[in-house]
Amino acid sequence: MKTSIKTAWNFKLFYSSIKDPQIEKDVQRMEKAYADFATKYKDTDSYTTDTAALLTAMCDYEQLENTATALPIMYVHYMKDADSSNTQADALFNRLMSRYTNAGNKTLFFVLKLGKISKDNQKKLLADVQLVDYQYYLKCIFNTAQYDLTEPEEKILSLLSQPSRNMWIDSVEKILSKQSVKFRGKQLPLPEAFGIISALPTKDRRKLHADAMKEVKKVAEFAEAEINAVYTDKKVKDELRGLKEPFDATIIGYQNDPEHVKQLVATVTKYFTISQRFYKLKAKILKEKNLSYADRAAVTGKINMKFDFASAKALTEKAFTDVDPKFGKMFNEFFEKGQVDVYPRKGKRGGAYCSSNTNTPTMVLLNHTDDIRSVTTLAHEFGHAFHAELSKSQRPLYQGHTISVAEVASTLFENFVFDAVYERLSEKEKIVALHNQINDDVSTIFRQIACFNYENDLHKLIRTQGSTTHIEMAKLMNKHMQAYLGPVMKLEEDDGYFFVQWSHIRNFFYVYSYAYGQIISKALYAEYKNDKSFIKKIEQFLKAGGSMSPYDIFKSIGIDTAHPSFFESGLKQVEKDIKRLEKLVK
């Protein structure tokens, strides 16, 4: 008997309804767990000097991950993303955020006290075999302690994060989710409109893009206030912590080496000539003298394979199974349980993501529109999902993983699916598919670093001037997009307003993780292509969770991301594919 496939989130995995009394019981259990920990350890410093006491304290602290469940807050978060008009979920989310923040603040003292342990004692503790299970976690605390504030200050910043940042961002997303644009006699939600633009004929593509950007621009004045508010909020926090560069907090938080990331950004920016070369070739393929921003992701031909969701799912399932049957099995289980929300609709959050937490179901959000990009997006998000699920083999403190490591998993599984698609194509279709793959590589690497540069300049502009206008924000966006796109791309004034809906610039400097992840995933994929048994090394990486630094995780499976030429060699691989495409389209 064939199991039915669910294409919308099954909220019963969490609670029976938003009025389920178990929600309040779980929140109270969370609050009690934090309060009990605070009562036990608030007035003692023994764990800062005694190894046995620290081991006991770390065990208790780790247990908070199990007993202080995130199930209620994750539940209403997903309900909000599924339907922005759900006012009950919106209100409950805000109330829960306050309670979770207040509860978490009760244990702030613990990490702050650990950070004040003397350097000599830190070395002794890190070398003690009794603490080997917590060694990396403690090392991270010791390394970032210099940026800690006092406990009262940390509590204030934590309490203010919701009104000073999150509510601003949520408001912009909510407004955008309600916008729609008329196309071929039908009103399309903005996420759906942007999702189909790349597959349209040139005239329709450019018209829909222009109309959609006009709708986005209507939100610009509000987005101006939002960006100025959240960027100024970050400025204040960075200054209080003694962080010098706007991107420092992100790099430190992602546990990357700052020098490695600066090297990545500088190298990719230096090689913008590669992405410019690609867009010059794209113009030739499209038989256009110049390209518009609407053409950035435009397809250059037709692939005679249907990518409705049923066929996309079947294709992806087979590709994952061919890599390792366990991935095909895990993939199907997500749909059987209702952990994937597939189709776009008005009020639903745009884009795609995978989200997970300790002792909560891993959930995947899609906005499938039947094009090939939707297939690679499906693979991308399941790379995240597999990473999340396999990381749950770690102890609670290490079940998460940094964003930069996460993007390696997602882009790697994209490669597996592309390979499966490519094998089934005709020679003419392979040219189209190769173009699409390069287009994605260029977007994932060069476009994201251009965005990193944009963010950096925007933060500095607001820090210098105090604030800036949406007009200047848009001009700056066009400047940095032009840098990687090259002279063949002719940008319009309204194109700069893409900043309004680019959610990544609110998740400060998150974008570098895409380029970082893509280049590393290419290295892993090359190893796999050369030796299929390398999948065991890949699984080792996926199971590592947050138990090591990104550098050490990849070093442990033979990938050295600290080598000066590592990122450059990855970019050369993209250039090699471009040269191959140039020969094919002559």
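To read the lining counts below, note that Ala, Val, Leu, Ile, Met, Phe, Trp, Tyr, Cys and Pro count as nonpolar, Asp, Glu, Lys and Arg as charged, and the others, Gly among them, as polar. Please keep in mind that this is a predicted model.

**The largest cavity**

- The structure holds 1 cavity of 30 Å³ or more.
- Helix 17 (372-391), helix 18 (403-422) and helix 19 (427-465) are the elements that give two or more residues to the lining of the largest cavity.
- Its lining is made up of 19 residues, and T376, E414, N436, Q437 and D440 are the ones that lie nearest the centre.
- Helix 19 is the top contributor to this lining, giving 6 residues.
- Sorted by class, the lining of the largest cavity has 9 polar, 5 nonpolar and 5 charged residues.

**The second largest pocket**

- Around the second largest pocket there are 14 lining residues, with Q437, K522, Y525, D577 and R580 nearest its centre.
- At least two lining residues come from each of helix 18, helix 19, helix 21 (512-530) and helix 24 (566-584).
- The classes in this pocket's lining are 6 charged, 5 nonpolar and 3 polar.

**A residue to look for in both**

- Q437 is among the residues nearest the centre of the largest cavity, and Q437 is also among those nearest the centre of the second largest pocket.

Methods
Residues numbered from 1 in each chain as written. Predicted model: local features only at pLDDT ≥ 70, side-chain atom pairs only at ≥ 80, totals over all residues. Heavy atoms only, no water. 1 Å grid on protein atoms, 1.4 Å probe; cavity = no way out; pocket = protein on both sides within 12 Å on 5 of 7 lines; lining within 4 Å. Points joined across faces, edges and corners; volume = space filled by probe spheres on them. Helix = DSSP H or I, 4+ residues; strand = E, 2+ residues; numbered from the N terminus.
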